[in-house]
Amino acid sequence: MAVVGVLALQGSYNEHLAALRRIGVRGVEVRKPEQLQGLDSLIIPGGESTTMAKLANYHNLFPALREFVGTGRPVWGTCAGLIFLANKAVGQKSGGQELIGGLDCTVHRNFFGSQLQSFETELSVPMLAEKEGGSDTCRGVFIRAPAILDVGSDVEVLADCPVPSDRPSITIASGEGVEEEVYSKDRVIVAVRQGNILATAFHPELTSDSRWHRFFLDMDKESDTKAFSALSLSSSSRDSQDGSKNKPLDLPIFE
């Protein structure tokens, strides 16, 4: 049985553990680098990202978390977890915060505003319905949520949503020495996948819909299948080479 680690520094890790139990999957709490060993996949839950970063630094977790992401094992970040996994974050507090990285995107830390501007909405998720069945929409719970401003070419967009009319105006630095620009699009990205990394700006663990957790677990199966295929291909190649070595030489025939 797959063992899923849930980073348990702060935030909604208990809700993720409960969601995993509902679908018969073993989840374990992770607070120290050595607890990442032996895990098949990892969930980085929502919470207060600055606090989580300070605690991760205190436990010297960042090097181990980056190494885990680099192994190709599935990692899912929800809300604050999305911020952790992004290569770049804007809208941070003075001094910023350390990131794990690995996800080729730019995230705005508090895109949707304060706690008072938290909201729920229906999201169109045809890919999720195709993979896991059920409705082609899901309930998105956004709590002081981030959003994804742009993504790299290898990143698959899984869901977006309309920008709420009451969201406070934000500006985004275009680059060093360049004036800031106002985010003016009417929709914003809230769920993506890049290889072994899944990220959602909302909280599926706070709903009864288990499809996102099932989708994440299927990513683990995909990585196992790819590893097995690569191993089989490597073995076949070696067998072919060994067979060539053991094959008797074709000597010339003189008549």
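**Architecture and annotated sites of a predicted protein chain**

The protein chain has six helices and 14 strands. Here helices (H or I, at least four residues) and strands (E, at least two) are DSSP runs, numbered from the N terminus. The structure is a predicted model, in which local features need pLDDT of at least 70 and side-chain atom pairs count only at pLDDT 80 or more, while totals for chains, interfaces and linings use all residues. Residues are numbered from 1 along each chain as its sequence is written, and side-chain values use heavy atoms, with hydrogens and water left out.

The pLDDT, which is the predictor's confidence in each residue from 0 to 100, has a mean of 86 for the protein chain, and 80% of the residues reach 70 or more. Over residues 227-235, however, pLDDT is below 50, and the model shows zero contacts for this stretch beyond near neighbours in sequence; a contact means heavy atoms within 4.5 Å. Residues 247-255 also have pLDDT under 50, with zero contacts beyond four places in sequence. Where pLDDT is low, the predicted coordinates should not be read in detail.

Some totals describe the chain as a whole. Of its 255 residues, 46% count as buried; buried means under 20% relative accessible area, exposed means over 50%, and partly exposed is in between (1.4 Å probe, protein chains only). The chain exposes about 13200 Å², of which carbon and sulfur atoms supply 49%. Accessible areas come from the Shrake-Rupley method with a 1.4 Å probe, and for residues only the protein chains shown count as cover. Among contacts between residues at least 6 apart in sequence, 68% join residues at least 24 apart.

Next come the annotated positions. An unreviewed UniProt entry lists C79, H203 and E205 under "active site". UniProt positions are given in the numbering used here, feature names are shortened, and annotations may be inferred rather than shown by experiment. These residues span 127 residues in sequence, yet no two of their C-alpha atoms are more than 11.0 Å apart, so they gather at one spot. C79 lies in the loop between strand 4 (75-78) and helix 4 (80-85) and is buried, with a relative accessible area of 4%. H203 sits in the loop between strand 14 (197-200) and helix 6 (211-246), and H203 is buried too, at 5%. Counted in the same way, H203 touches S12, G46, C79, V141 and I143.

The backbone of C79 also deserves a look. Most residues other than glycine have a negative phi. C79, although not a glycine, has a positive phi of about 55°. N60 likewise has a positive phi of about 55° without being a glycine. N60 is placed in the loop between helix 2 (49-58) and helix 3 (62-70), and N60 is exposed, with a relative accessible area of 51%.

The "binding site" annotation, again from an unreviewed UniProt entry, covers G47, E48, S49, R109, I143 and R144. They span 98 residues in sequence, yet no two of their C-alpha atoms are more than 12.4 Å apart, so they gather at one spot. S49 lies in helix 2 and counts as buried at 4% relative accessibility. Apart from neighbours within four places in sequence, S49 is in contact with A80, I83, F84, Q97 and R109. The side chains of S49 and Q97 make a polar contact (3.1 Å); a polar contact is a pair of N or O atoms within 3.5 Å, where within protein one must be able to donate a hydrogen and the other to accept it, and residues adjacent in sequence count only if both atoms are side-chain atoms. R144, in the loop between strand 8 (137-142) and strand 9 (147-151), is partly exposed at 31%.

Finally, the structure holds nine aromatic pairs. Rings of Phe, Tyr and Trp (its six-membered ring) pair if their centres lie within 6.5 Å; planes under 30 degrees apart count as stacked, over 60 as edge-to-face and the rest as tilted. The rings of F62 and F84 have centres 5.8 Å apart and planes at 25°, so this pair is stacked. F62 lies in helix 3 and F84 in helix 4, so the pair ties together parts that are 22 residues apart in sequence. W212 and F215 form an edge-to-face pair, with 6.3 Å centre to centre and 85° between the planes. Both belong to a cluster in which ring pairs link F111, F112, F119, F142, F202, W212 and F215.
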